[in-house]
Amino acid sequence: MSMDEELARALAALEREGLLRTARRVDGPQGPEMTVDGRRVICLCSNNYLGLANDPAILAAARGSLETEGLGAGASRSISGTMHAHRQAEAALASFVQREAALLFASGWAANLGTIQALVGEDDVVFSDELNHASLIDGCRLSRARVVVYPHNDTDRLAEILATERSRARRALVVTDAVFSMDGDRARTAQLRQLCDAADAWLMVDEAHALGVIGPEGRGLCAADSVVPDVLMGTLGKALGAQGAFVAGSSQLVRFLENRARSYVFSTAPSPLLAAAATRAVALVRQADDRRERVLAWAARLRTALAEQGWDARGEGTCIVPVVVGHPDTTMRASKGLFDRGVFAHGVRPPTVPAGTSRIRVVPMATHEERHIDRAIEAFAEVRAELRR
Ligand SMILES: *Cc1c(COP(=O)(O)O)cnc(C)c1O
């Protein structure tokens, strides 16, 4: 069979199972309302939590950097790619999360793969929450360490597993999302820190969905819980409105990653304009208590209102409101019903979430207005009636 025939079969199978993905087209910038497939809709599926993806001050910082430093970094950081903007962003990020040092990566994906792979290897063990993000899962796999998956947020079970598994390995690393991206709940960072200390294990926390939104100045969940992880990963593409990621921790950690994280060493440095945008974004985020309050209030309101309508709305204390529907086809029908009513809310299916738990992931932004939220709640009620017909 030719490659195209083979792939056409695989795609047809995905389509039959309701799992084929096609992306809608967005014209113009990200925002609370957007033009999607030619229609003006309320966007409820972006991680642009604080509405900074199109913020004038951040755009100005990027433009300024473009004028002085140009577009491309030209090479990896260790060759000729470490520019003024990178150093500045790393200093701003380290100070933001109150750690000694930070290191930029091209994406959160690259940061997780490179970091886990650098920290652990064949003689080691990684303990990973079953609902961790795909990039953490792939980082674990790539590391060749023994991977032990523990039930979601089950710190009692993790304690038992650590007791039997820890001593057989050289290094031990516990990895977790801070806010679980598809479930909208929080990790138990204080318990995890205690377990790690007791078992001589390192703690890595992925703050992708917490940074900017949770904690004092938006410093993330660990800061909110007064926990210091050994490795803190944060992304620049979500609440910070740009693109890229960083790992923060001790200066030893950062120096080590500069030498051993393959996704850092063997990859062209991010454009300096992204680093400059991130530096500006950090300054804005630190002062954005009003935006944080607003986005969390919208999420709480959506969670309550949709539950009252009978939807299985989950999550808590985060701005992610997963509405679990179950079957992928029904989920996509609900998502389409919402879109037809001017509400863009994305359906999430396996393998992003476990089979039987397809869901609509509802995510407000700080820049939404009351009328947007009211309209979305109304649309959900209409779609619910339609699905039950
Ligand atoms: C989005 C996300 C990533 C990946 O970050 P990118 O910068 O988008 O590559 C990693 N971890 C979690 C938990 C995420 O949600």
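Buried means under 20% relative accessible area. The model used here is predicted.

**Exercise 1. The pair W311 and F380**

Find out how the rings of W311 and F380 are arranged, and which parts of the chain they join.

*Solution.*
- Step 1: Take the distance. The ring centres of W311 and F380 are 5.4 Å apart. Rings pair if their centres lie within 6.5 Å.
- Step 2: Take the angle. The planes of W311 and F380 stand at 90 degrees. Over 60 degrees counts as edge-to-face, so this pair is edge-to-face.
- Step 3: Place the residues. W311 sits in the loop between α13 (289-308) and β11 (312-313), while F380 belongs to helix α15 (residues 370-388). The pair therefore ties together parts that are 69 residues apart in sequence.

**Exercise 2. Burial of W311 and F380**

Decide whether F380 and W311 are buried or exposed.

*Solution.*
- Step 1: F380 has a relative accessible area of 0%, so F380 is buried.
- Step 2: W311 has a relative accessibility of 6%, so W311 counts as buried too.
- Step 3: Look over the face of W311. R384 lies there, at 5.2 Å from the ring centre.

**Exercise 3. The pair F339 and F344**

Work out the geometry and the burial of F339 and F344.

*Solution.*
- Step 1: The centres of F339 and F344 lie 5.9 Å apart, with 85 degrees between the planes. This aromatic pair is edge-to-face.
- Step 2: F339 is at 6% relative accessibility, so F339 counts as buried.
- Step 3: F344 is at 12%, so F344 counts as buried.
- Step 4: Check the face of F339. R39 lies over this face, at 5.9 Å from the ring centre.

Definitions and conventions
Residues are numbered from 1 along each chain as its sequence is written. This is a predicted model: local features need pLDDT of at least 70, side-chain atom pairs count only at pLDDT 80 or more; totals for chains, interfaces and linings use all residues. Side-chain values use heavy atoms; hydrogens and water are left out. Rings of Phe, Tyr and Trp (its six-membered ring) pair if their centres lie within 6.5 Å; planes under 30 degrees apart count as stacked, over 60 as edge-to-face and the rest as tilted. Helices (H or I, at least four residues) and strands (E, at least two) are DSSP runs, numbered from the N terminus. Buried means under 20% relative accessible area, exposed over 50%, partly exposed in between (1.4 Å probe, protein chains only). A charge sits over a ring if NZ of Lys or CZ of Arg is within 6 Å of the ring centre and within 35 degrees of the ring normal.
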